[in-house]
Amino acid sequence: MIIPALTGFATGFSLILAIGAQNAFVLRQGLARAHVFWLCLLCATSDALLITAGVLGFGAIVTLYPMLPQIMAWGGAAFLIVYGAMRLQAAWQGKYDMQIAGQSAGLWPTLATGAAFTWLNPHVYLDTLGLVGAVSTQYLQTAPKAAFGAGAVIASFVFFFGLGYGARLLTPVMQSARAWRVLDVLIGLVMWALAIKLIS
């Protein structure tokens, strides 16, 4: 069971390692030290649900509804464009007293934004339902397949909590409005680039 679990962990970790919209949002909240635990729990649990669905073979849903990826891509792109604009506007205004003090929006708005980054991202479905599900098919017996899925789920929890709480190591750098302005400009541009990539 160790080998399938390690394979699942490596597969899951490698798929979520790339900086995307969801990761950038978790990083930003981690730097602000605001609602980190609940946001990381939301992201990791969402991944766990999707990974489980992928391992159980529900990736076939996409083949049943071929328009679903395109619909998700347009919805996700619209959200990324709006959020990117919000970050660029925040950088323009330069009011970062709350962030420097370790505060941000309330818990529910933060979780709603995190959920949107997770569930409106078509690549999440490709990675979990598609790729993780496809790799899991090499295990024909239930126990190794379950170990593979568990490894991928653990990787998600390790990554998100590591990113959210590890961001605090950068706190000394983020004690100025200028540093937050640079971060928001970068995040805004990344969001727009990802939006263009989704619909191109």
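**Exercise 1.** Which pattern does the chain follow, read along the sequence?

*Solution.* The chain reads α-α-α-α-α-α-α-α-α-α. Its secondary structure comes to ten helices and zero strands; both are DSSP runs numbered from the N terminus, with at least four residues (H or I) for helices and at least two (E) for strands.

A note before we go on: this is a predicted model, where local features need pLDDT of at least 70, side-chain atom pairs count only at pLDDT 80 or more, and totals for chains, interfaces and linings use all residues. Residues are numbered from 1 along each chain as its sequence is written, and side-chain values use heavy atoms, leaving out hydrogens and water.

**Exercise 2.** Describe how Phe-13 and Phe-159 pair.

*Solution.* Step one: the structure holds ten aromatic pairs (rings of Phe, Tyr and Trp, the latter by its six-membered ring, with centres within 6.5 Å; planes under 30 degrees apart are stacked, over 60 edge-to-face, the rest tilted).
Step two: Phe-13 and Phe-159 are 5.8 Å centre to centre with 80° between the planes, an edge-to-face pair.
Step three: Phe-13 sits in helix H1 (residues 2-16) and Phe-159 in helix H9 (residues 142-166), so the pair ties together parts 146 residues apart in sequence.

**Exercise 3.** Is Phe-159 buried or exposed?

*Solution.* With 8% relative accessibility, Phe-159 is buried (under 20% relative accessible area; exposed is over 50%, partly exposed in between, using a 1.4 Å probe and protein chains only). Phe-13, at 26%, is partly exposed. Phe-160 is buried, as is Phe-159. Across the chain, buried residues make up 43% of the 200 residues.
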